[in-house]
Each structure stands twice: as structure tokens, then as C-alpha cells.
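Here are my notes on the model, as numbered points. Please read them with the structure open.

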Amino acid sequence: MKRPSMSRPERGPWPYLFLAPAIVLFTLFLAVPIGYTVYLALHRTQVSGLGLGKGARKEVFAGFGNFAAALGDAELWAGWLRVLGYGTLVLVVMLGLALLFALLLDTARVRLARFSRIAIFLPYAVPGVAATLLWGFLYLPSLSPIRQVLDVDFLSATTVTYSMANVAVWGGTGFNMLALYTALRAIPRDLYEAARLDGASELQIALRVKIPMLAPAIILTTVFSIIATVQVFTEPTALRPLTNTISSTWSPLMKVYRDAFVTGDLYSAAATSIVIAAIALVLSFGFLRIVRDRAFGEGR
């Protein structure tokens, strides 16, 4: 007896039509800019004579020369050291507060939970430039009511990093809190009831049940925060006109901006931006590789 053939149904053009807008947007706003950045990073400007007249400047292939120059740039690595200290402070405080607020809001006895969630999340809705300028004016000695209580120069060379970190923590805690709180609400309530029947207190439930169950969400928010911290640009750039303690190359992205739009060296800026992206990928995927066993149960 001949078996009926199990031919796959024809899909037609409809799936591709539905995917077309996403493919077009991805190509125009992600793939093409990345490709053009790589192209610029592999080229440089060659100047003939005094650099005057038609044809005195031309674009030539530079190979990996721009990358070698970026990796050997002392200003870039000095910026990375500043961002490392800034990022460590921001990640510890911001994620710690986000976890604390999420656990507090998830307790049964909390009052005004909806208002508290909105109040904690609201700073995230404020644009970064506006938030930084608001805090910047609070840091200024002539305008700040804080300076009337605390005799601290928030924009000095020793405190400006903490001042910028405060802006980032104020703006980012709410988003991470909401992500962790959403993950908490997905945990079955039966686990909490079983723990209470065994005599566990609310603190023990938080430490031994909730936080272990939140491990994947904590790790993902940490990865997103690492990527955002590596790309810090808004806070130092917006505060820079208010103080002379922030240089034009305070962070790696500020150096890219200076090279591209102040000195006009697009080729060096493109190479530096690729180096920054590579370091961000190494940091984020390296962190994921270290903690993936505990978070996602994957073997090495």
C-alpha cells in the first residue's frame, strides 16, 4: 500500500511581507550604520603637501592602524578606569536598592503599594539630560539648598564621580525595581505559604526563597546595567559646563564624541567606538558565562 506523501504546505509570500518592515528598519538603522562604522575604522585621511587644494586630502585604506592607535591611547584607558569606578558604584547601589524595593513591595503588609511603585519608577521617565541638569543645579553652591546643610562641594574632583553616580542611581533604580518586582509576582504564592508553615519568617523567605528564585532576573538586569554603564555619556556631558573637573574625555564615549565632532577625526572615532562595543560585549557575555550555571542551570 502506497503511503500518502507528507509534503510541506506552501507558505507563500505572507510571512516575508509581515517581516519586511522589521527587516527594513534593522537594515537601515542598525546593519548599515554598523557596516559604515567598520568601513570608516579601516580607513584614514592622507594629506598631500600643505593639505590645500583639490585632491590634497584623500581617503586611503589604513587596515588595523586605527584600532592599534585606539588600543594604545592613554586617554581612552584613563576614561575606562574612571568608568570602572563609576560603574562599580552605580551597579552595587542601584541594583541593591532595586532588589530591596522589589522585596518590600512584594510583602503582604505593605501600604500604598501602587503609589510606591509609581513613585520609585517615576524618575526613570525623566529624560537623562533633564535629570542631570536638575541635579546639577542642586549641586551648584549658589543654588543648592543641600549646600546650606552640608558643607560639601559636589562638583569637586574628588566628589564629582559620586555626584554623577547619584544621578544614574536615581534614574535607573525604578526600572530595575519594576523588572525584579514583575519577576517576583510570577513566583507561585504556594512556595511562600509552605515556607511560613515551616516556621520561616518574612526575612528568611526573602533570603532563602525569593532571592534564589530571582537569580535569572537579577543577572539580566545586571547585564543591561553593565552595558548602560559602559556607555555613560549623558551625565558627564551635561554636568561638564557646570564644573571644570570633568574633561572632554572623561568617559570613552565622550572621547568618541570629541574625536568625531570636535577634532573631525571620524576614522579614529569609528575605531574607538568599535573597541568600546567589543569591550562591552566581553564584559556582559563574560559575566553571563560566569553566572550562567547558577542562573539558568546550564553546564559548561
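1. Lining of the largest pocket. Helix H1 (14-41), helix H11 (252-262) and helix H12 (266-296) each supply at least two of its residues. H12 gives the largest share, nine residues. Helices here are DSSP runs (H or I, at least four residues), numbered from the N terminus. By class, the lining has 20 nonpolar, four polar and no charged residues. Nonpolar means Ala, Val, Leu, Ile, Met, Phe, Trp, Tyr, Cys and Pro; charged means Asp, Glu, Lys and Arg; the others, Gly among them, are polar.

2. Basis. This is a predicted model: local features need pLDDT of at least 70, side-chain atom pairs count only at pLDDT 80 or more, and totals for chains, interfaces and linings use all residues. Residues are numbered from 1 along each chain as its sequence is written, and side-chain values use heavy atoms, with hydrogens and water left out.

3. The largest pocket holds about 660 Å³ of space. Of its 24 lining residues, Thr37, Leu253, Ser273, Ile274 and Ala277 are the closest to the centre. A pocket is an open set of points on a 1 Å grid over the protein atoms alone, where a 1.4 Å probe fits, with protein on both sides within 12 Å along at least five of seven lines; lining residues have an atom within 4 Å of a point. Points are joined across faces, edges and corners, and the volume is the space filled by probe spheres set on them.

4. Ser273. This residue sits in helix H12. The cut-offs are under 20% for buried and over 50% for exposed, with partly exposed in between (1.4 Å probe, protein chains only). Leaving aside neighbours within four places in sequence, Ser273 is in contact (heavy atoms within 4.5 Å) with Thr37 and Val256. Ser273 and Val256 are 17 residues apart in sequence and 6.5 Å apart in space, C-alpha to C-alpha.

5. H11. Its buried residues are Pro252, Met254, Lys255, Val256, Arg258, Asp259 and Ala260. Just after H11, Gly264 has a positive phi of about 80°. The axes of H3 and H11 come within 8 Å and cross at roughly 145°. Axes are lines fitted to C-alpha atoms, for helices over the stretch in contact; angles run from 0 to 180 degrees between N-to-C directions. H3 contributes Glu75, Leu76, Gly79, Trp80 and Val83 to the contact, and H11 contributes Pro252, Lys255 and Arg258. That makes four nonpolar, one polar and three charged residues.

6. Second largest pocket. About 550 Å³ of space lies here. Among its 25 lining residues, Ala168, Gly171, Gly172, Ala228 and Glu235 are the closest to the centre. H6 gives the most to this lining, six residues. The lining divides into 15 nonpolar, nine polar and one charged.

7. Thr132. This residue lies in helix H5. Thr132 is buried, with a relative accessible area of 0%. Not counting residues up to four places away in sequence, Thr132 touches Val167, Thr234, Glu235, Ala238 and Leu239.
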